[in-house]
Amino acid sequence: MREGNLEAPTRHPLDWKSEAFYDEGAAFSELSRVFDICHGCRRCVNLCTAFPTLFDLVDSSRTLEVDGVAQQDYWKVVDQCYLCDTCYMTKCPYVPPHPWNVDFPHLMLRAKAIKFKKGGAGLRDKLLSSTDAMGKLATIPVVVQATNALNKNKAFRSILDSTLGVHKERELPEYASRKFRSSAFASKKFEIKDGKNTPGKVAVFSTCYVNYNEPGMGHDLLAILAHNEIPYVLVEKEACCGMPKLELGDLSSVSELKDKNIPGMAKLAKEGYAILTPIPSCTLMFKQELPLMFPDEAGVQAVKDAMFDPFEYFVLRAKDGLLKKDFKQKLGKVAYHIPCHSRVQNVGQKTREMLQMIPDTAVTTVERCAGHDGTWGVKKEYFDNSMKIGRPVFRALAAAEPDYVSSDCPIAGRHLMQGMGEENVSDKTRQAEKAHPLTLLRKAYGI
Ligand code: SF4
Ligand code: SF4
């Protein structure tokens, strides 16, 4: 038996439609097997709180081995995992094709799916994972002002904390009064210039977050495309990508959302569009999770092949000699955090590469989990761990004394500003501005 992989990691499709997937006895045997390998390895001890929870259970057991841990306590490990995928992609030497076949995140997903099938989700988790429905409701005129005011009201947040389990200290995103999809400008009629690495026309999957919470990021993306004379369309019908439901283990809802999104997107893929989504978790959903859940669906695979992270697209466009570099404004010092769901796309640090093309711009990159995840760090029982996981990132970003703090994930970006605000940082760092990389790129173009 080899110690560790020599080949590139591969990932098996998720067998989520089979009855065996939900067999609790079989799942517990697999959890025991993998936990035993992890106990003998422990490389992932500082990634998140799932591994320390496991190792503490083992170390306080009678046998000092996994067989001394009560199986009911396995759920404590499962609950601490927010499926960032970092252990699989960056640490584990035993992932397939290694014969030990360890896929820790997908084993956690299987356990979450079993838990969901047995008990469903509580009200809070249902609400937090229904980003589309919540967004539609919260952005109704008048309701939007009330929602934003209530989310900042201490008394209301205490009630939300005690009744629903949304932590009162967590800074929540505001809802926008004008949705991105209804305020986006139509593209001008540019000539389509296909490059060797990039299609010359783009379809934008805007995402719930950009549509309802931060439409400015979407407008920045469209402005950058227009500046580079790349014609674009919006994906015609758009539902949530399904990532929040996946994180709950609600795989049937993921399947329903896939049925809403994929037909239109697959048509665009077949017509030769590059599909861009500005949120890394949503990009990853189409690039990795849906293709592993539906390996036999041609539409899902077509969307996977057409899907780009925006900065992956821009850097490839630059390689094709088709990206403008007429930057008008320097950015100074940028403290940039690369989110886990960007790292696991396996395309390298494309945002950093792009920002470094801007003159008089120094990028300090922090490549470590910020600990928020989509909804995990909002929940009362995980908020403290979320801040704890993020602390090394807060400190590393603050040490750069930046002009801007930036993350491809706007949810992580807000979490980073909150965490840095609680650290003992310099006055210069305290004045740093949070800006998404798309906003920074638009600013550098001076458009
Ligand atoms: S997927 Fe992320 S949160 Fe889950 S165990 Fe691995 S590193 Fe921890
Ligand atoms: S997931 Fe892999 S690298 Fe991490 S502790 Fe387990 S065996 Fe080790």
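Student: Let's start with serine 406: is it buried or exposed?

Tutor: Serine 406 counts as buried, because its relative accessibility is 2%. Here buried means under 20% relative accessible area, exposed means over 50%, and partly exposed is in between, using a 1.4 Å probe on protein chains only. Before we go on: this is a predicted model, where local features need pLDDT of at least 70 and side-chain atom pairs count only at pLDDT 80 or more, while totals for chains, interfaces and linings use all residues, and side-chain values use heavy atoms, with hydrogens and water left out. Residues are numbered from 1 along each chain as its sequence is written, while chains are lettered from A and ligands numbered from 1 in the order in which they are written.

Now, back to your serine. Serine 406 belongs to strand 7, residues 404-407. (Helices, H or I with at least four residues, and strands, E with at least two, are DSSP runs numbered from the N terminus.) Leaving out residues up to four places away in sequence, serine 406 touches Val334, Ala335, Tyr336, His337, Ala435, His436, Pro437 and Leu440; a contact means heavy atoms within 4.5 Å. Threonine 365 is 41 residues from serine 406 along the chain, and their C-alpha atoms are 9.6 Å apart.

Among contacts with a separation of 6 or more, 80% are between residues 24 or more positions apart. In total the chain has 23 helices and eight strands, and its C-alpha atoms fill a box of roughly 65 × 50 × 40 Å along the principal axes.

Aspartate 360 lies in the loop between helix 19 (350-355) and strand 6 (361-366). Its phi is positive, near 55 degrees, though it is a residue other than glycine. Leucine 83 isn't a glycine either, and its phi is also positive, about 60 degrees. Leucine 83 is in the loop between helix 3 (74-80) and helix 4, and it counts as buried because its relative accessibility is 7%.

Leucine 83 also leads us to a ligand. It is one of the residues surrounding ligand 1, along with others including Cys81, Cys84, Cys87 and Phe104; being near a molecule takes a heavy atom within 4 Å of it. Helix 2 (50-59) and helix 5 (104-119) each supply at least two residues of that shell. Its classes are eleven nonpolar, no polar and one charged. (Ala, Val, Leu, Ile, Met, Phe, Trp, Tyr, Cys and Pro count as nonpolar, Asp, Glu, Lys and Arg as charged, and the others, Gly among them, as polar.)

One last stop: the peptide bond from proline 96 to proline 97 is cis, with omega near 15 degrees. Proline 97 sits in the loop between helix 4 (86-91) and helix 5.
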